[in-house]
Amino acid sequence: MGISSLATKYGFQSFPHYSSGRSGAKVNKIVIHHMAGTNYDIVPSIWQTREASAHYGIGKNGEIRAYVDENNTAWHAGNWNANISSIGIENCNSTGSPSWNVNQATIDSCAKLVADIAKRHGLGKLVVNKNLFPHSYFSSTSCPGVLLGSLQYIADKANAINNGGGSSTPSTPTSDLYRVRKSWADAKSQVGAYKDLNNAKRTADSHSGYKVYDPNGNQVYPTSSSTSNVKTLVVQVNGLNVRNKPSLSGTVVGSYNKGATWTLPKTEKQTIADGWVWARCPIGYCAVGKNTGKTEPDDYILIS
Ligand SMILES: [Zn+2]
């Protein structure tokens, strides 16, 4: 029996959609999900019919429930090789569509559970996309939504717990910060990281040649949009899918949260496909909004 001592059994293996054993594989990774739902109590009963499951689920107050024994294979990653070698953690959302936020208490509890799993399974130091993954790494999905931006925080906090720390963990998700650097790639040049963009701008102003970068590594200050040859795109919603081509048939390769910003040449035309307007972004293409021929209040991206 493999269950974290942090968890309480809830509807434990009361559904058919998991597999006994690990098909000979060893657990070497953890996969993070969000429930895309705010009702913690209906999981895992939804897996009576839906062909899915996960080992753990974390509620809005940070309570941890166990659904599937760690020695069994839960159906969560949408990828069999990933399923047999991973432990899946679902995190309950605090708000519904379109923002699908997750409470800090949930994220902090998730980090504790990740630390516990890593320790018991000998995963070593937690590194994002090495032994701690977003669901979207393995399948075409927007899951884990906003948690995509919290994975580094979860890894850092879990590592601090396993190194005997825990008190020195960052109080703000590091991924939410605006960083002041010479260039995004030159992380060593960083002179500060701020939650407040204005504080970041002030620091950049006092360091010649320094710029402000958003959590996705896009330069947000100084904006080159003041020169007239670029336009600035700002994401208005959380969990906006990034696809590998400008079409609904494109594979989801990532997602942006509200506030993500980048620039494009002013002359670059947006693509229209599947009833949507698409714009290029640093890692693929995003839907700007429905193709109505004009800007709409519910567009996903503001272009100026
Ligand atoms: Zn998922």
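Mentor: Helices H2 and H3 are oblique to each other, and their axes, which come within 8 Å, cross at roughly 55 degrees. The model is predicted, so local features need pLDDT of at least 70 and side-chain atom pairs count only at pLDDT 80 or more, while totals for chains, interfaces and linings use all residues. Residues are numbered from 1 along each chain as its sequence is written.

Trainee: Why are H2 and H3 called oblique?

Mentor: Angles under 35 degrees count as roughly parallel, over 145 as roughly antiparallel, 65 to 115 as roughly perpendicular and the rest as oblique; the axes of H2 (residues 104-121) and H3 (residues 151-162) cross at roughly 55 degrees, and the pair is therefore oblique.

Trainee: Which residues make the contact between H2 and H3?

Mentor: With contact meaning C-beta atoms, placed from the backbone, within 7 Å, the residues include Ala-111 and Val-114 of H2 and Ile-154 and Ala-158 of H3. By class, the contact has 10 nonpolar, one polar and four charged residues, where Ala, Val, Leu, Ile, Met, Phe, Trp, Tyr, Cys and Pro count as nonpolar, Asp, Glu, Lys and Arg as charged, and the others, Gly among them, as polar.

Trainee: What makes S11 and S12 partners?

Mentor: Pairing requires that DSSP finds at least two bridges between two strands; two bridges join S11 (residues 211-213) to S12, and these strands run antiparallel.

Trainee: Why do S10 and S12 stand at the edges?

Mentor: In the open sheet the order is S10-S9-S11-S12; S10 (192-194) and S12 (219-221) each have a single partner strand, so one side of each is left without a neighbour in the sheet.

Conventions: Helices (H or I, at least four residues) and strands (E, at least two) are DSSP runs, numbered from the N terminus. Axes are lines fitted to C-alpha atoms, for helices over the stretch in contact, and angles run from 0 to 180 degrees between N-to-C directions. Two residues are in contact if their C-beta atoms, placed from the backbone, lie within 7 Å.
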